[in-house]
Amino acid sequence: MKLYNTLSKAKEDFVPIEEGKVKMYVCGPTVYNYIHIGNARPMIVFDTVRRYFEYKGYEVNFVSNFTDVDDKIIKKAIEEGVTAEEISKRYIKECKHDMDGMNVKPATKHPLATEEIGGMVEMIQTLIGKGYAYEKNGTVYFRTRRFKDYGKLSHKNLDDLQSGGRSLLVTGEDEKEDPLDFVLWKPKKEGEPAWESPWGEGRPGWHIECSEMSKKYLGEQIDIHAGGEDLVFPHHENEIAQSEAANGREFAKYWMHNAFLNIDNRKMSKSLGNFFTVREISEKYDLQVLRFFMLSAHYRSPLNFSADLMDAARTGLERIRNAADNLKFLRENAKLKEMTEAEKEKLDRAGEYVRGFEKAMDDDFNTADAIASIFELVKYSNTTADEESSAEYLESLLGLIVKLSDVLGIQSEKEEEILADDIEALIEERQEARKARDFARADKIRDELLAKGIILEDTREGVKWKKA
């Protein structure tokens, strides 16, 4: 298996630190609002990477954090007049709901930055003790030039960064020994959450959070560190500097980064009015369509989101699901139980598409070509399965389609549609729960219906529903 390593700018053979095991850390979202479709790409991509490692027989320890203390979270909390914790808890719950809709598996561990402050303080103390960090008026900075390999991931030169000007500077630059030094700990501001430390009350810098959480749950050295390409610099570069300076060893062997997502060939931004949350997309499409769309291009290629491409993805997903449905129908009505010799030969030939799928995934997780192999398998099953086929042959073909689709996190079998009477009964139950002030049950019913593609609208005339 080969994967592209941002560190070497080349495809490399994957050799795990420990045979049969993969230790993988993926930077998670900052939880101050609903996740947007830019957040969704690394979630889907690296969930698929994990699934393929598991398909190959690896035991994967997959850690992905939630950044639950941040300027944006604090700003949102002040706007709403609530605590930062209330904001982060709310949007962690919403994020997990969207991840479930996209069929993203829960991580082995989803650490929260606020629950790991003690470890971050210890790591900062280690860096100070080794001469890599210093404190000025309650702020702790990392001595960037002291780390000789700084820039090895982003392939940036420190002198070029210095001449790049003030864009790299952060608050308190006048106190720094060097303009390129970055913050490890910042002092408390009025109205902000804060924690005790040897340097006074405050909170950690963003970069140190991931270094500590990765170390605690995966160890000092990991196999793969991943995230969006926007994190290469400065976030991942700073993580390397902190971790390797503190631990005295290589941090991660392989660095994987997915490319950006554009909207109708333009960068996604609120100012352009082309900013979409995953929740908004779920009101128009099954989130399995979003996942299929995301995997239709190689993860290192820029991806353009548009209604036409989403419709094409929906058509492609339906093609797979229709083939699976057809095989199930034929299997249930098959007259012959066991495979014939001719069918055994046909099934052997079907193995070519499985090998094509694995070849694509072994080549830096080329999901676009892997999907093409599933389509070839679908075409093969449509042309070799009919009313005369044995139940065993039909079951075997169906099993191959389901297995390969599942590696990509694609649900190849349609969920049974919920009946209108059942919807009305659940709405009635939700109304009763609300009257009884059992809001947890009411919310759960809404979520259950949303998961089945039913959107509720509370109006003056009562509750109305529609299909997503």
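## Two crossing helices

Let's start where helix H4 (residues 117–129) meets H7: their axes come within 9 Å and cross at roughly 70°. The two helices are therefore roughly perpendicular to each other, since angles of 65 to 115 degrees fall in that class. On the H4 side, the contact is made by Met-123, Thr-126 and Leu-127; H7 contributes Gln-242, Ala-245, Ala-246 and Asn-247. Please keep in mind that this is a predicted model.

Just after H7 comes Gly-248, with a positive phi of about 70°.

## The parallel sheet

Next, the strands. Four of them form an open sheet with parallel pairing, in the order S4-S3-S9-S10. Strands S4 (59–64) and S10 (252–258) stand at the edges with a single partner strand each, so one side of each has no neighbour in the sheet. From one strand to the next, the twist averages 20°.

Two helices deserve a look here. H6 packs on the sheet and touches S3, S4 and S9, its direction making about 155° with that of S3. Helix H1 (residues 37–55) lies across S3, S4, S9 (222–228) and S10, and it runs at about 135° to S10.

## A buried glutamate

Which side chain of opposite charge is nearest to Glu-209? That is Arg-203, 6.4 Å away. Glu-209 is buried yet has no salt bridge, because a salt bridge would need a side-chain nitrogen of Lys or Arg within 4 Å of a carboxyl oxygen.

Glu-209 is found in helix H6 (residues 206–218). Leaving aside neighbours within four places in sequence, Glu-209 is in contact with Thr-67, Val-69, Ala-113, Met-120 and Pro-204.

Finally, strands S1 (residues 2–5) and S2 (residues 10–13) pair in the antiparallel sense over four bridges. Within this pair, Asn-5 stands opposite Ala-10 in S2.

The two strands form a hairpin with four residues between them. In the turn, Lys-9 has a positive phi of about 55°.

Key. Residues numbered from 1 in each chain as written. Predicted model: local features only at pLDDT ≥ 70, side-chain atom pairs only at ≥ 80, totals over all residues. Heavy atoms only, no water. Buried < 20%, exposed > 50% of the residue type's maximum accessible area, 1.4 Å probe, protein only. Lys, Arg positive; Asp, Glu negative; His and termini not counted. Contact = heavy atoms within 4.5 Å. Pairing = 2+ DSSP bridges. Axes fitted to C-alpha atoms, helices over the stretch in contact; angles between N-to-C directions. Parallel < 35°, antiparallel > 145°, perpendicular 65-115°, else oblique.
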